[in-house]
Amino acid sequence: MVPEVTLDLAGEDVGLYEATGGYRSDTPPPFWSFAWPGGIALARFVLDRPELVAGRTVVDLGAGSGLVAIAAARAGAAAVTAVDSDPAALAAAERNAALNGVTISTAPAVVPADVLLAGDLFYSPTVVAGVLPVLRAGTGTVLVGDPGRGYLPERLFEPLATYDVPVRPALESTGRMRTTVWRLLRATSSC
């Protein structure tokens, strides 16, 4: 769905835990070795609407493979930072950016930016509890890609676009997922 971007990922028939040789509680799963539907939709959205990021500073929160960061760089962002808590994800984002001939920075924590992008981060209550305050603290545009995993507080967002995203059956138990790109609503004060 995003042919403009090439990624070095796990094989098509590999599931999340097969990528590490099985589940180990002391090692985070390699989320970065897959392109997830929210990130795919968000990358497509940014590439189709470059005016959202062109000339602006962008952060890709929970960057994983770097797909969304790379899309923002291709769409003309002035500077892009891929943020992830997993050092292996940051290394993967750097490798994939080099593979695509774009420059991004990486960081383990959010840096100030004009646009904050986040794909597939609403998959558990624990993750949402950490991510939502970061998104709400962003002072610029906040866009989220989410395939309806159940923890997105939709009342805080407005839908911008919906895609039928092809996904790996080894990961999602289906071949396509309906995925929406959302914009965070800003509270307005009234007198």
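The accessible surface of the chain amounts to about 9,100 Å², and 53% of this area belongs to carbon and sulfur atoms. These values, like those that follow, were computed from a predicted model. Of the 191 residues of the chain, 48% count as buried, a residue being called buried when its relative accessible area is under 20%.

The chain contains five helices and seven strands. Read along the sequence, these elements follow the pattern α-β-α-β-α-β-β-α-β-β-α-β. Among contacts in the chain with a separation of 6 or more, 68% are made by residues 24 or more positions apart.

Strand β1, which spans residues 57–61, is mostly covered, with four of its five residues buried. The neighbouring element in the pairing is strand β2, comprising residues 79–83; β1 and β2 run parallel and are joined by five bridges. Within this pair, V59 stands opposite T81 in β2.

Attention was then given to the empty space in the model. Rolling a probe the size of a water molecule over the atoms shows where such space is left. The largest pocket has a volume of about 740 Å³. A total of 35 residues line the largest pocket, and those that lie nearest its centre are F31, G62, D84, L121 and Y123. Several elements of the fold take part in this lining: strand β1 and the helices α2 (67–74), α4 (125–137) and α5 (169–172) each supply at least two residues. The greatest contribution comes from α4, which gives four residues to the lining of the largest pocket. By class, the lining of the largest pocket comprises 22 nonpolar, seven polar and six charged residues.

The structure also holds one cavity of 30 Å³ or more. The volume of the largest cavity is about 30 Å³. The residues that line the largest cavity are A35, W36, P37, V167, R168, L171 and E172. Of these, five are nonpolar and two are charged, while no polar residue is present in the lining.

How values were computed. Residues are numbered from 1 along each chain as its sequence is written. This is a predicted model: local features need pLDDT of at least 70, side-chain atom pairs count only at pLDDT 80 or more; totals for chains, interfaces and linings use all residues. Side-chain values use heavy atoms; hydrogens and water are left out. On a 1 Å grid over the protein atoms alone, a cavity is a set of points where a 1.4 Å probe fits but cannot get out, and a pocket is an open set with protein on both sides within 12 Å along at least five of seven lines; lining residues have an atom within 4 Å of a point. Grid points are joined across faces, edges and corners, and a volume is the space filled by probe spheres set on the points. Ala, Val, Leu, Ile, Met, Phe, Trp, Tyr, Cys and Pro count as nonpolar, Asp, Glu, Lys and Arg as charged, and the others, Gly among them, as polar. Buried means under 20% relative accessible area, exposed over 50%, partly exposed in between (1.4 Å probe, protein chains only). Contact means heavy atoms within 4.5 Å. Accessible areas come from the Shrake-Rupley method with a 1.4 Å probe; for residues, only the protein chains shown count as cover. Two strands pair if DSSP finds at least two bridges between them.
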